[in-house]
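I opened this notebook to record what I looked up in the model, starting with the pairing of the strands and ending with the pocket.

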Amino acid sequence: MTKKTNSISNKFKIIVGFIICSLASSINAQDKDQSSFFIGYETFEMTMNKFQNFAGEVGYRFDDKNQIRLMIGEVNLTERHLSSKWESTAVDGNNVEGYFRIYELYYDRYFGKRKNFYYSGSIAYVKDEYNHLISDNSLENETATVGFAIGYRKEKLFGLKHLYANISIPFRYYFNDIPETEWGDTTISAHKFVNNFWFFIGYKF
C-alpha cells in the first residue's frame, strides 16, 4: 500500500468515526418505539461469488425518516462472475479474477406514505483488484468515493416481526479512478462512476 492510499484509508476511518460518534450521542433522545439497531447479510453479490468472504450492513434507524448504516464488504470475485455479461460490467472478457473491498457509510432519508423507500448520501473507501489468469497482468486500485443511493426496505419479512429485507442501488464517484485497461481480448472497464446492486436480509433489534 502506498503512502497516498494509506492516507485515504486513514482519513476515511477518522471521518466515519466522527460521524458515528456524533449521531450516536443523539440515540437516547429518540422514540424507542420507532428507533432500532439492525444488522444484515448481503445475499446478491455473495451468491454470485460462491459466498467467498463477507458482505453485510450494520446500522441504526432513528425514526421513520432517518437512518445511518455502514456497509462492509470483502468479496473474492470469481472468473465466472466477472465474465458474465449480465452479472458484471467491470470486465469484458474471460480469464480474470478479482477482489473487492468496501467500507461505505450511508445516511438514508425515507419518504412516501409508508416510509419504505429512501434516498441516500454516501462516502466510502474502496479497493479493487483484478488478476489476469493467463498472464502476469494485474491491477490494484484504492480510492475514496462519494455518492448516492436509492433503495427500498421491507419490514416484517415473511410475517416475522424483526426480520427485514433491504434493496439498495448505490452510485459512486471514484476520486482515484481506473482507466480502461486491455489485456489481450479482455478489457477492464473504466471505473469513474460505478454502481451496483445490494440485497440484504437482516434482523432489527
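I began with the hairpin that strand 6 and strand 7 form, with five residues between them; helices (H or I, at least four residues) and strands (E, at least two) are DSSP runs here, numbered from the N terminus. This is a predicted model, in which local features need pLDDT of at least 70 and side-chain atom pairs count only at pLDDT 80 or more, while totals for chains, interfaces and linings use all residues. I also noted that residues are numbered from 1 along each chain as its sequence is written, and that side-chain values use heavy atoms, with hydrogens and water left out.

I counted two strands as paired if DSSP finds at least two bridges between them. The hairpin of strand 5 and strand 6 has five residues between the strands, and in it G112 takes a positive phi near 90°.

Entry on strands 2, 3 and 5. From strand 5 I moved to strand 3, and found that these two pair in the antiparallel sense over 12 bridges, with L70 opposite L105 in strand 5. Strand 3 is joined to strand 2 (residues 53–61) by nine bridges, and these two also run antiparallel; a hairpin links them through four residues, and Y60 has I68 of strand 3 as its bridge partner. How many residues of strand 3 are buried? I found 10 of the 12 in strand 3 (residues 66–77) to be so, where buried means under 20% relative accessible area with a 1.4 Å probe, counting protein chains only.

Three strands form an open sheet in the order 4-10-9, with antiparallel pairing. Its edge strands are strand 4 (91–92) and strand 9 (181–183), each of which pairs on one side only. Strand 9 and strand 10 (residues 186–188) share three bridges, and W183 has T186 in strand 10 as its bridge partner.

Entry on the largest pocket. I read a pocket as an open set of points on a 1 Å grid over the protein atoms alone, with protein on both sides within 12 Å along at least five of seven lines, and its lining residues as those with an atom within 4 Å of a point. The largest pocket has a volume of about 580 Å³, the volume being the space filled by probe spheres set on the points, which are joined across faces, edges and corners. Of its 26 lining residues, E87, S88, T89, N195 and N196 lie nearest the centre. Which strand gives the largest share of the lining? I found that strand 11 does, with four residues, and among the other elements that supply at least two are helix 2 (44–48) and strand 8 (163–178).

Entry on totals. The protein has three helices and 12 strands, and buried residues make up 47% of its 205 residues.

Key:
Buried means under 20% relative accessible area, exposed over 50%, partly exposed in between (1.4 Å probe, protein chains only). On a 1 Å grid over the protein atoms alone, a cavity is a set of points where a 1.4 Å probe fits but cannot get out, and a pocket is an open set with protein on both sides within 12 Å along at least five of seven lines; lining residues have an atom within 4 Å of a point.
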